[in-house]
Every structure is written in C-alpha cells, then in structure tokens.
Amino acid sequence: MTRSEPAPEVLTRRDVSLRAKSQGSQAALLGLLTLGAVVILLPFAWMILTAFKTPAEAYTWPPVWLPAKWSVANFTQLFNTIPFARMFFNSVWTSVLIASLNILSAAPAAYAFARLRFPGQGLWFGSHLLSLMIPWQVTIIPVFLLIRYLGWYDSFTALIVPSIASGFTVFLLFQFFRSLPRSLEESVLIDGGSWFTALRHVALPAAKGAIAAAWLFSFLGNWQSFIWPLIVLQSSEKMLLPVGLLSLQNQYSVNIPVLMAGATLSTLPTVIAYMFVQRYLTDAAITSGLKG
C-alpha cells in the first residue's frame, strides 16, 4: 500500500497577489538596507584605502579608489611623527577602566531603584534622569574648577573620576532589572539570602546582555572623547589618541594619508570590543524572547 501524495496547494488569484506583494516588499526592504549599509561602509573603505595611498594619489581629482602601489609608509610616518603607541595605550586602558567602573557603580544603583523601596527613592532616581537632560557643556566649567581645586589637573584622575557615574548606564540597567521576574530572586530571599546575594547570583548573571551593551556604549563614548581630555590633560605622555591625532594637522596643512592611517588604527579597539561583547548581545536578544 503506497502512501497518498499530499494534495497540491491551490492558490487563488488573491493569494498570488498577496504573495507577490510580500516578496516585493521584502525585496524593497533588502534593497533599502543594502543601500544604507553601502552608505555607512563607504567612508570606512575610503579611510582604509587612503591610508595606503601616496599624498599625490590622495589629492588626485577625480579621486581614485585603489592605490597604484600599496605602501605602509604612512603608518611608518605616523609612528615617527607622534607617540602613537603611548597615546593608543592611554586611550585603551582609560576607556576599559572607565567603562568597567561605570558598570560596577551603576549595577547596584539600578538594582536598588528597581527592587528596593527607601526614602527619597523618587528624588534620587529623578536626579539620575535629570543628568541625562543637562548638556555636558553646562557642567564642564564647574567640573573643571572643582578638578583644579582638588589638584587633579593634568592627571588621569581628572579624566576618570568624573566619568565613573553615568545616569544613562543606571537608567539602561534599571529598565532591564525591572523586567526580570521577581520569582527568580524570591527563591534566594526565602532561603535566607540578602538582596545583595540576589543581585550577585541571580540578577547580574541574567543581565549579561544588558551589561555588555552598557559596557560597550560607555567604552565607545570614552574612546572617542575629545573635549574633556583636551582640557584636563596637557602632558604629552598622558595624551589620548583623539587629541593626539589632532596634532597631525596644523593651521596651514594636513597630511591626509597619515591622518587616515591613524584613524584606521584607532578603529581597531572598537571592532575588537564589539566582537568581545557580541556573544552576550546575541544571547540576550535570543533569550529576551523566551521570558514570560
């Protein structure tokens, strides 16, 4: 006895029309996303290719995309012109430290706002939200005067301490902790554990994705910070990379290929940082759809 073949699907004219419209919408969306990706990637491609060009090729009109002869002379000149390695190291360790301290200070605060009830809770949380609404240009002079009064001028302390607390990181983690089911922590509390135990063993492991996103935002913000390091750091041995790259140009000229070589190298830590936290971001995106 042979198995009966499934009946062929009969499509009406309306079904064919809807399927064609759906495929057309998907093709249009794919084309739009591809166009957006090209627009975003073109400047990066131009930056990398220009880093391997000679100055004559970089200023040629009409512009040429590919260098006639690939050369690393611009990278050699970059390291001979400025202390690039020291600036690179200063930017890496300060950005990693500030981003990590952001998480250490924001996670307990966000968890307390999300789970505990204490006097002045609304006022304290409102002050964090208010810090997001005040432009940094308003506070930069008072903070600088305080830094100079404390004797921290031209030190990494002046760069790191004002950036430890972040209202954005607190608000981001607060939103995640508030969405966690309370039953996850109640088992810890029933067994005699404290709120700190629940935070350490339940909330923080569940918030890996949110913490990774907050850490990445903080790292990128500090990596590309320019105005505050320019103001509080004056010694060449303490200079950060964004400020150091500015010294490659002067009032009358700028060596574009050397500047593009520095910009190309300066993008590497951001790519590595994203690859480092990508797994946590992907896991968070997958598991967020499974939570009831």
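Is Ile 134 buried, exposed or partly exposed? In this predicted model, Ile 134 counts as partly exposed, because its relative accessibility is 37%, a value between the 20% limit for buried and the 50% limit for exposed residues.

**View 1. A nonpolar patch lies on the surface around Ile 134.** The residues that form this patch are Leu 130, Leu 132, Met 133, Ile 134, Val 138, Phe 168 and Phe 217, and together they have about 690 Å² of accessible area. Helix H5, which covers residues 121-133, gives the largest share of the patch with 3 residues, whereas Ile 134 is found in the loop between H5 and helix H6 (136-150).

**View 2. Two of the segments shown carry the UniProt annotation "transmembrane region", which comes from an unreviewed entry.** The annotated ranges include residues 125-150 and 210-232. Over residues 125-150 the chain is 92% helix and 0% strand, with 28 Å between the end C-alpha atoms. Over residues 210-232 the chain is 87% helix and 0% strand, and here the end C-alpha atoms are 31 Å apart.

**View 3. Tyr 111 and Phe 177 form an aromatic pair.** A search of the whole structure finds 17 aromatic pairs. In the pair of Tyr 111 and Phe 177, the ring centres are 5.5 Å apart and the planes stand at 90°, so the arrangement is edge-to-face. The pair links distant parts of the chain, since Tyr 111 belongs to helix H4 (residues 84-115) and Phe 177 to helix H8 (residues 167-179), 66 residues apart. Tyr 111 is buried, with a relative accessible area of 4%, and Phe 177 is buried as well, with a value of 0%.

**View 4. Aromatic side chains also gather in a cluster, and one ring lies under a charge.** The cluster is formed by Phe 79, Phe 84, Phe 88, Trp 215, Phe 219 and Trp 223. Elsewhere, the charged end of Lys 53 sits over the ring of Trp 46, at 3.9 Å from the ring centre.

**View 5. A salt bridge joins Arg 115 and Glu 185.** Side chains of opposite charge can pair when their charged atoms come close. The structure holds 1 salt bridge, in which the side chains of Arg 115 and Glu 185 meet at 3.0 Å, N to O. Arg 115 lies in helix H4 and Glu 185 in helix H9 (residues 183-190), so the pair ties together parts that are 70 residues apart in sequence. Arg 115 counts as buried at 6% relative accessibility, and Glu 185 is buried with a relative accessible area of 2%.

View 6. Most residues other than glycine have a negative phi, and most peptide bonds are trans. With a relative accessible area of 17%, Asp 154 is buried.

Key
Residues are numbered from 1 along each chain as its sequence is written. This is a predicted model: local features need pLDDT of at least 70, side-chain atom pairs count only at pLDDT 80 or more; totals for chains, interfaces and linings use all residues. Side-chain values use heavy atoms; hydrogens and water are left out. Patches are made of residues with over 30% relative accessible area and no salt bridge: like charges are joined within 9 Å, nonpolar side chains (Val, Leu, Ile, Met, Phe, Trp, Tyr) within 5 Å. Accessible areas come from the Shrake-Rupley method with a 1.4 Å probe; for residues, only the protein chains shown count as cover. A salt bridge is a side-chain nitrogen of Lys or Arg within 4 Å of a carboxyl oxygen of Asp or Glu. Helices (H or I, at least four residues) and strands (E, at least two) are DSSP runs, numbered from the N terminus. Buried means under 20% relative accessible area, exposed over 50%, partly exposed in between (1.4 Å probe, protein chains only). UniProt positions are given in the numbering used here, feature names are shortened, and annotations may be inferred rather than shown by experiment. Rings of Phe, Tyr and Trp (its six-membered ring) pair if their centres lie within 6.5 Å; planes under 30 degrees apart count as stacked, over 60 as edge-to-face and the rest as tilted. A charge sits over a ring if NZ of Lys or CZ of Arg is within 6 Å of the ring centre and within 35 degrees of the ring normal.
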